[in-house]
Amino acid sequence: MAVLIAKWVVFVLVSLLAIASSVLMIYVKNTLHSALFMVMAFIASAILYLLLGCQFLAMLQIIVYAGAVMMLIIFVIMMISLKDEEKLARKITKTKVAGVVISILFMMLFILIMGFNSVKGKMGALTSIGDAKTIGSLLFTRFLLPFEVASVLLLAAMVGAVMLSKKKSFGGEDQ
Amino acid sequence: MALLIESIVKVIVVFGIFLGFVAYMTLLERKVLGRVQVRYGPNRVGPYGLWQPIADGIKAFFKEDLIPANADKPLFVIAPMISVAAAICLIGVIPFGDKITLFGHTIHLRITDLDVGILYLFATASIGEYGVVLGGWASGNRYGVIGALRAAAQMISYELALGLSVIGVIMISGSLSLSAIVAKQAHVWNVVYQPFAFIFYMVCALAEINRTPFDMPEAEAELACGYNIEYSSMKFALFFMGEYAHLIVVCAVATTLFLGGWQGPFLPGFLWFLIKTFVLVFFCIWERGTFPRLRYDQIMHFGWKILLPLTLANIVVTAIVMVV
């Protein structure tokens with residue numbers, strides 16, 4: 001019982017943190033601060049994974065998203081220092097129409113989600129997807145073909161990225 | 001309830017001892033480096049300079065705490081905290097001894113044993129990197145920004161090779177839990193099966209903690225201390241503590257993964273663990289006195305064009321040997 005209450009308290013606090021940092025990510029003017037709030041949102045969602053018993057997913061979420069991806073984004077932000085861009089403050093037209101349409105769509109989605117009943121039953125081998133062994137064995141048996149296709153696609157994207165960045169610095173010092 | 005109390009006591013004891021080691025690590029480094037460079041090192045405060053870390057701490061505490069006018073104040077304050085907190089959190093999953101019996105309780109000498117212990121180490125270390133990067137950027141100083149950029153690029157590059165270098169060990173042990181990996185090494189240490197992975201790990205780890213010969217983010221000669229250029233007093237001390245704590249943890253992880261952890265004959269487990277970790281820590285100090293700093297492009301070339309293919313080859317060879 002005490003554990004359940006503790007879990008519930010952590011869930012509420014962390015989800016509030018996730019929502020707050022997501023909102024702040026959009027509203028903060030400073031680009032780097034915005035990126036850091038995104039890191040916070042990622043970490044909060046990793047904690048939510050932990051609450052669901054998905055240790056493996058939680059750790060990967062932090063390593064891949066909060067660690068590697070956001071570090072690259074922050075690296076780029078620091079390198080090109082967007083100070084001049086901030087002053088420009090580009091105007092996007094028809095924001096009010098877009099805002100109304102998006103909020104109506106979101107409300108519909110919200111109502112639909114609230115209407116669903118949660119699935120009842122025990123956690124099986126497939127639902128406890130947080131386990132490294134389960135994920136590994138599934139990837140190499142049942143989902144082998146999609147896994148291989150995805151890896152080839154990622155490799156192609158990587159080679160493409162290298163080619164694109166190589167062309168720009170052609171003739172100059174390659175970094 | 002007993003479990004909760006046990007955990008809290010363990011955390012406090014380990015935290016205290018670990019911070020003590022971190023403090024005396026600074027003295028050890030200055031002493032050994034002094035000997036390497038044919039001088040005495042600190043010897044004024046107390047016998048053999050033994051109270052030097054305490055004097056340093058008091059000095060750092062009472063110095064004026066400056067925040068530059070064009071600094072990003074919140075980030076400037078938070079950055080050293082991130083650095084030191086992440087480094088200390090790393091010690092939480094490392095098993096430093098066998099179970100002992102105390103007052104009728106069986107106590108495992110580790111704070112916790114996660115199923116994904118190795119991934120936890122990488123995740124926490126990657127959060128710790130933000131400390132250095134944000135610290136340099138938030139200073140509002142060009143040297144600081146260049147240091148931060150270098151730190152970010154170097155850590156991303158070497159994190160990859162670091163992760164790949166331990167995969168061989170994971171393959172042999174068949175587990176991500178550090179306790180299981182230590183248990184597997186009861187007879188033969190992993191360094192026997194994975195000698196090259198051990199070397200790769202130590203090289204990547206030195207780069208990961210920004211230590212000579214990879215200390216580009218704080219190269220004094222060109223960047224005037226880089227990311228921590230604007231830091232003074234306790235904030236600087238926190239960065240310093242984070243760096244040394246990370247160094248000790250990296251050596252402790254190497255001990256756990258490659259040198260059999262606390263396993264060893266005659267002596268109790270935690271003593272073996274301390275001895276092995278100390279040998280690696282000593283190596284880190286020794287190589288600082290030996291190697292000159294590499295150039296930045298050399299570091300990048302070495303990381304991407306030599307270390308990464310070699311660690312990948314190590315994984316392939318390990319897999320082939322395991323299957324055949």
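Predicted model: local features only at pLDDT ≥ 70, side-chain atom pairs only at ≥ 80, totals over all residues.
## Ground rules

Helices here are DSSP runs of H or I with at least four residues, strands are runs of E with at least two, and both are numbered from the N terminus.

Residues are numbered from 1 along each chain as its sequence is written, and chains are lettered from A and ligands numbered from 1 in the order in which they are written.

Chain A has seven helices and zero strands, so its pattern along the sequence is simply α-α-α-α-α-α-α. It has 175 residues, and 15% of them are buried. Buried means that 20 or more other C-beta atoms lie within 10 Å of the residue's own; 12 or fewer makes it exposed, anything in between is partly exposed, and the C-beta atoms are placed from the backbone.

Now for contacts: two residues are in contact if their C-beta atoms, placed from the backbone, lie within 7 Å. Take the contacts in chain A between residues at least 6 apart in sequence, and 54% of them join residues at least 24 apart.

## Meet chain B

Chain B has 13 helices and two strands. Of its 324 residues, 44% count as buried. For contacts in chain B with a separation of 6 or more, 78% come from residues 24 or more positions apart.

How does the radius of gyration of chain B fit that of a compact globule? A compact globule of 324 residues would have a value near 20 Å, and chain B has 20 Å, which agrees. The radius is taken over C-alpha atoms, and the globule rule is 2.2 Å times the number of residues to the power 0.38. Those C-alpha atoms fill a box of roughly 60 × 50 × 45 Å along the principal axes.

## Where the chains touch

The contact between the chains takes 19 residues from chain B and 16 residues from chain A. On the chain B side, the elements giving two or more residues are helix 4 (117-138) and helix 5 (142-165) of chain B. Helix 4 of chain B gives the most, with nine residues. By class, the chain B side has 16 nonpolar, one polar and two charged residues. In this scheme Ala, Val, Leu, Ile, Met, Phe, Trp, Tyr, Cys and Pro are nonpolar, Asp, Glu, Lys and Arg are charged, and the others, Gly among them, are polar.

Back to A:M59, which touches B:V116, B:L119, B:Y120 and B:A123, leaving aside residues up to four places away in sequence. A:M59 is buried, with 27 other C-beta atoms within 10 Å. Its C-alpha atom is separated by 16 Å from that of A:V14, 45 residues apart along the chain.

## Two partners for helix 11 of chain B

Two packed helices are described by the angle between their axes and the distance between the axes. The axes are lines fitted to C-alpha atoms, for helices over the stretch in contact, and angles run from 0 to 180 degrees between N-to-C directions. Under 35 degrees counts as roughly parallel, over 145 as roughly antiparallel, 65 to 115 as roughly perpendicular, and the rest as oblique. A crossing is left-handed if the near helix is turned anticlockwise from the far one by less than a right angle, and right-handed if clockwise.

Helix 9 (residues 195-208) and helix 11 (residues 233-258) of chain B pack at about 165 degrees, with axes 11 Å apart. That makes helix 9 of chain B and helix 11 of chain B roughly antiparallel, and their crossing is right-handed. Helix 9 of chain B brings B:F198, B:Y201, B:M202 and B:A205, while helix 11 of chain B brings B:V250, B:A254 and B:F258. This contact has seven nonpolar, no polar and no charged residues.

Helix 3 (residues 73-89) of chain B comes within 8 Å of helix 11 of chain B, axis to axis, crossing at roughly 25 degrees. Helix 3 of chain B is therefore roughly parallel to helix 11 of chain B, and the crossing is left-handed. Residues meeting here include B:P80 and B:M81 from helix 3 of chain B, and B:K235 and B:L238 from helix 11 of chain B. By class, this contact divides into ten nonpolar, three polar and one charged.

## Two loop residues

B:V38 has a positive phi, near 55 degrees, in a residue other than glycine. B:V38 lies in the loop between helix 1 (2-36) and helix 2 (52-62) of chain B. Is B:V38 buried or exposed? It counts as exposed, with 6 C-beta neighbours inside 10 Å.

B:N210 is not a glycine either, and has a positive phi of about 55 degrees. B:N210 sits in the loop between helix 9 and helix 10 (220-223) of chain B. With 25 C-beta neighbours inside 10 Å, B:N210 counts as buried.
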